[in-house]
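Colleague: I am new to reading protein models. Could you walk me through one, feature by feature?

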Amino acid sequence: MPRKLPLLTPVTAPFWQGGANGMLNICCCAECQHLFHPPAPVCPQCLSPDVGPRAVSGRGEVVSYTVNHQAWTPETAVPYVVAIIELAEQPGLRFLSNIVGTAPADIRIGMPVRVHFEQVEDVWLPLFVLDEAEAQA
Ligand code: ZN
């Protein structure tokens with residue numbers, strides 16, 4: 001599926017390229033320890049400029065999702081799942097991604113997921129798959 005790739009800057013590159021080393025890097029404030037996304041040069045909680053990437057576990061859960069059946073481009077494989085994922089490290093630390101490897105009908109809110117990187121050119125897209133270990137726990 002062709003995607004419009006993100007613009008890489010010194011602030012965003014650790015997030016988009018962390019997957020090269022298998023790491024999901026989230027912006028963290030050195031002042032108040034707040035994790036936030038999307039990456040920004042200033043902490044949204046305390047306004048400190050002392051922020052930088054921190055590797056998180058890559059585990060989280062599905063907060064909400066939708067199944068898209070519309071092929072917006074001829075190459076788009078449908079259906080596909082767009083989901084809001086909340087990371088395990090901090091309540092409210094959420095971002096939008098896709099869930100892959102699970103039939104849309106089997107996805108549930110609260111389902112444990114873990115990051116799964118898909119490389120496209122110089123970007124490692126952080127997609128999510130069912131976390132089977134957590135699902136069976
Ligand atoms: Zn802060």
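Colleague: What should I know about the model before we go on?

Modeller: This is a predicted model, in which local features need pLDDT of at least 70 and side-chain atom pairs count only at pLDDT 80 or more, while totals for chains, interfaces and linings use all residues. Residues are numbered from 1 along each chain as its sequence is written, and side-chain values use heavy atoms, with hydrogens and water left out.

Colleague: Where does Leu 125 lie, and which residues does Leu 125 touch?

Modeller: Helices (H or I, at least four residues) and strands (E, at least two) are DSSP runs, numbered from the N terminus. Leu 125 belongs to strand S8, residues 123–130. Contact means heavy atoms within 4.5 Å. Setting aside residues up to four places away in sequence, Leu 125 touches Arg 3, Trp 16, His 116, Phe 117, Glu 118 and Val 120. From C-alpha to C-alpha, Leu 125 and Leu 5 are 9.0 Å apart in space, although 120 residues separate them in sequence.

Colleague: How do I read a metal site, and which residues are the protein donors of the zinc ion?

Modeller: Donors are N, O and S atoms within 2.8 Å of the metal (3.2 Å for Na, K and Ca); water is not among the atoms, so sites may look incomplete. Here the zinc ion has the SG atoms of Cys 29, Cys 32, Cys 43 and Cys 46 as protein donors, lying 2.3 Å from it. Along the chain, these donors follow the spacing C-x2-C-x10-C-x2-C.

Colleague: Are Cys 29 and Cys 43 buried or exposed?

Modeller: Cys 29 is buried at 0% relative accessibility, and Cys 43 is buried with a relative accessible area of 1%.

Colleague: How are strands S1, S2 and S3 arranged?

Modeller: Strands of a sheet pair through backbone hydrogen bonds, either parallel or antiparallel. Two strands count as paired if DSSP finds at least two bridges between them. In this model, three strands make an open sheet in the order S2-S1-S3, with antiparallel pairing. S2 and S3 each have a single partner strand and stand at the edges, so one side of each lacks a neighbour in the sheet. Two bridges join S1 and S2, and Phe 36 in S2 is the bridge partner of Cys 27.

Colleague: How many disulfides does the structure hold?

Modeller: A disulfide is a pair of cysteine sulfur atoms within 2.5 Å. The structure holds zero disulfides. Take Cys 27: the closest cysteine sulfur, in Cys 28, is 8.5 Å from its own sulfur, too far for a bond.

Colleague: And how do I read aromatic rings?

Modeller: Rings of Phe, Tyr and Trp (its six-membered ring) pair if their centres lie within 6.5 Å; planes under 30 degrees apart count as stacked, over 60 as edge-to-face and the rest as tilted. By this rule there are three aromatic pairs. Phe 15 and Trp 16 form an edge-to-face pair, because their ring centres are 4.8 Å apart and their planes are at 80°. Phe 15, Trp 16, Phe 95 and Phe 128 form one aromatic cluster.

Conventions:
Buried < 20%, exposed > 50% of the residue type's maximum accessible area, 1.4 Å probe, protein only.
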